[in-house]
Amino acid sequence: MERIERPEALAALVRAQLQRGVFTNQPLTADWAAWVAEGAAAEPFDGGLWIARRRGDHDLLTFCLQAGAAAAKPRLERPAVTEIAFREKDAAAARSAAGRLEAAGFREVLRRARRSRPAEPPAGAGEACRFPGPAEAAAVEAFLAAHFDGLTGCLPPPEALAAALAGRQVVTLEDGRGIAGLLHYAPGRGSWEIRHLAVRADLRGHGLAGRLLDACLRENGGQRSTVWARQGNAPAERFYEKHGYRPDGWQSIVLAAGERTNHASENH
């Protein structure tokens, strides 16, 4: 892959791929300058384009794949992951693209489904929850790394985590052993999204996740919220169902290439 140094060059590569019938998981309104700062590298191939961004010890891949074209496996120096999100009306095209990536050497590692909760006040007050600041980034980062897979857990890079902490987008519950539970969310226009929700193994089943959720609902004024949950994670599905989150028709397929280096189990 070739490192891209200028945002306009990256945008031009993507625009050149936007032909009739193309399938892509690249956001067409991406902040290309931010991508360049994240070490973006590109690799065109006959029928498509790969773009990689650095995420810790692996790469996050996006792609464009022309209609009828076979995918070419990118030249990778590290493990890599890519995700295809789709609505039901686009399911056939998404599964076709996933199949072409598998033929190129990728493997499907999991599927997610999105759930939405309508705007309504929280049930509780989120007792004893607090919003840690940037000075506590190391403890938050360690907790996330212990509870979410390093390759598929969408862990925020240090700059993004610092911004989330400064913006009151991380809420925790703590005890004598440190962080007992944590919820990390991302604000949006008209709604917010749960990115990570986890409770320490010795404290699960005691209502901590509900208190963290209530604190975030209160922080966001009961605004509509969404979450991507791993399909087949029964405890997470029951939790979100109980708290008013219902499937909204969005699904995703996560595919990986290269050896995995972190096998931490995903929570919610």
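The buried residues of H5 pack against H4, S8 and S9, where buried denotes a relative accessible area under 20%, exposed one over 50% and partly exposed the range in between, computed with a 1.4 Å probe on protein chains only. Helices (H or I, at least four residues) and strands (E, at least two) are DSSP runs numbered from the N terminus. The structure is a predicted model, in which local features need pLDDT of at least 70 and side-chain atom pairs count only at pLDDT 80 or more, whereas totals for chains, interfaces and linings use all residues. Residues are numbered from 1 along each chain as its sequence is written, and side-chain values use heavy atoms, with hydrogens and water left out.

Within H5, the buried residues are Leu161, Ala164 and Leu165. Seen down the helix axis, the buried residues of H5 fall within an arc of 95°, and they therefore line one face of the helix; the arc is that of the directions from the helix axis to the C-beta atoms. An α-helix has 3.6 residues a turn, so residues three or four places apart point the same way. On the other side of H5, Glu159 and Ala166 are exposed.

H5 is followed by Arg168, whose phi is positive, near 55°. Arg168 lies in the loop between helix H5 (158-166) and S8, and is partly exposed, with a relative accessible area of 39%. Most residues other than glycine have a negative phi. A positive phi is also found at Ala128, where the value is near 70°; Ala128 is placed in the loop between strand S7 (107-117) and helix H4 (137-147), and is exposed, with a relative accessible area of 61%.

Arg55, in strand S4 (residues 48-55), is buried, with a relative accessible area of 16%. When neighbours within four places in sequence are left aside, Arg55 is in contact with Glu38, Leu60, Arg78, Leu155 and Pro157, contact meaning heavy atoms within 4.5 Å.
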